[in-house]
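Here are some exercises to work through with the model open beside you. Try each task on your own before you read its solution.

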Amino acid sequence: AAVERFGLADRVTVVPPQPHHLLSTYYRAADVCIVPSRSESFGLVALEAAACGVPVVAAAVGGLTTLVRDGVTGVLVERDPAAFAGAVDALLADPARAAAMAAAAVQHAHDFGWSTTAARLRRAYADLARRPVSVGCGA
């Protein structure tokens, strides 16, 4: 309804949820991925878009601040529609900058592969196992 109300029907296509194996096709067809989350523990959509070579414009919240390297792989903005619009407009107006971000996004996404993530988790557990347990249960 909002697309029609704002006269954007010629520029916006709303697609129903798609099976996982087709998502990369949609990501690769996009010029920019917009992630306007209010909170985000990890941000899988941003990571998947980055892995497909799409710069991400995301809210500067939670895990998105790790997944999107502001000015390098995408743009982090405050949760304000005008900020999102300005960031998207700037990327669409500068294809060379968007292409550089897309290439950097693919490289950055590789840092979140399963083997790297498992190694980081293993190190975290090892670090925690070396620390003394200090639980205070009161007097």
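## Exercise 1: a histidine and its surroundings

Find the residues that H108 touches, not counting residues up to four places away in sequence.

Solution. Step one is the contact list: H108 touches T66, L67, R69 and T73, where contact means heavy atoms within 4.5 Å. Helices here are DSSP runs of H or I with at least four residues, strands are runs of E with at least two, and both are numbered from the N terminus. Step three is burial: H108 has a relative accessible area of 12%, so H108 is buried. The classes are buried under 20% relative accessible area, exposed over 50% and partly exposed in between, with a 1.4 Å probe and protein chains only.

Before going on, please keep in mind that this is a predicted model, in which local features need pLDDT of at least 70, side-chain atom pairs count only at pLDDT 80 or more, and totals for chains, interfaces and linings use all residues. Residues are numbered from 1 along each chain as its sequence is written, and side-chain values use heavy atoms, with hydrogens and water left out.

## Exercise 2: the sheet

Work out the strand order of the open sheet and how its strands pair.

Solution. Start with the order: the three strands of this open sheet are arranged 1-2-3, and the pairing is parallel. Two strands pair if DSSP finds at least two bridges between them. Strand 1 (33-35) and strand 3 (74-77) are at the edges with a single partner strand each, so one side of each has no neighbour in the sheet. From one strand to the next, the twist averages 10 degrees.

Now take the pairs in turn. Strand 1 and strand 2 run parallel and are joined by three bridges, with I34 opposite V57 in strand 2. Between these strands the chain passes through helix 3, and the β-α-β crossover is right-handed; that is, with the strands pointing away from the viewer, the path from the first strand over the helix to the second runs clockwise. Strand 2 (residues 56-59) pairs with strand 3 over four bridges, again in the parallel sense. Here V57 stands opposite V75, and A59 has V77 as its bridge partner.

Finish with the side chains of strand 3: G74 and L76 point one way, V75 and V77 the other way, and all are buried.

## Exercise 3: helices on the sheet and on each other

Which strands does helix 5 lie across, and at what angle do the axes of helix 5 and helix 6 cross?

Solution. First, helix 5 (residues 81-93) lies across strand 1, strand 2 and strand 3, at about 165 degrees to strand 2. Axes are lines fitted to C-alpha atoms, for helices over the stretch in contact, and angles run from 0 to 180 degrees between N-to-C directions.

Second, the axes of helix 5 and helix 6 (residues 95-109) come within 5 Å and cross at roughly 100 degrees. That makes the two helices roughly perpendicular, a class that covers 65 to 115 degrees, with under 35 roughly parallel, over 145 roughly antiparallel and the rest oblique.

Third, list the contact: A90, L91, L92 and A93 in helix 5 meet P95, R97, A98 and M101 in helix 6. These residues divide into seven nonpolar, no polar and one charged. In this scheme Ala, Val, Leu, Ile, Met, Phe, Trp, Tyr, Cys and Pro count as nonpolar, Asp, Glu, Lys and Arg as charged, and the others, Gly among them, as polar.

## Exercise 4: buried or exposed?

Decide whether V32 is buried or exposed, and do likewise for R28.

Solution. V32 is found in the loop between helix 2 (20-29) and strand 1, and with 15% relative accessibility V32 counts as buried. Leaving aside neighbours within four places in sequence, V32 is in contact with V54, P55, V57, V88, L91 and L92.

R28 is found in helix 2 and, at 53% relative accessibility, counts as exposed. With neighbours within four places in sequence left aside, R28 is in contact with C52 and V54.
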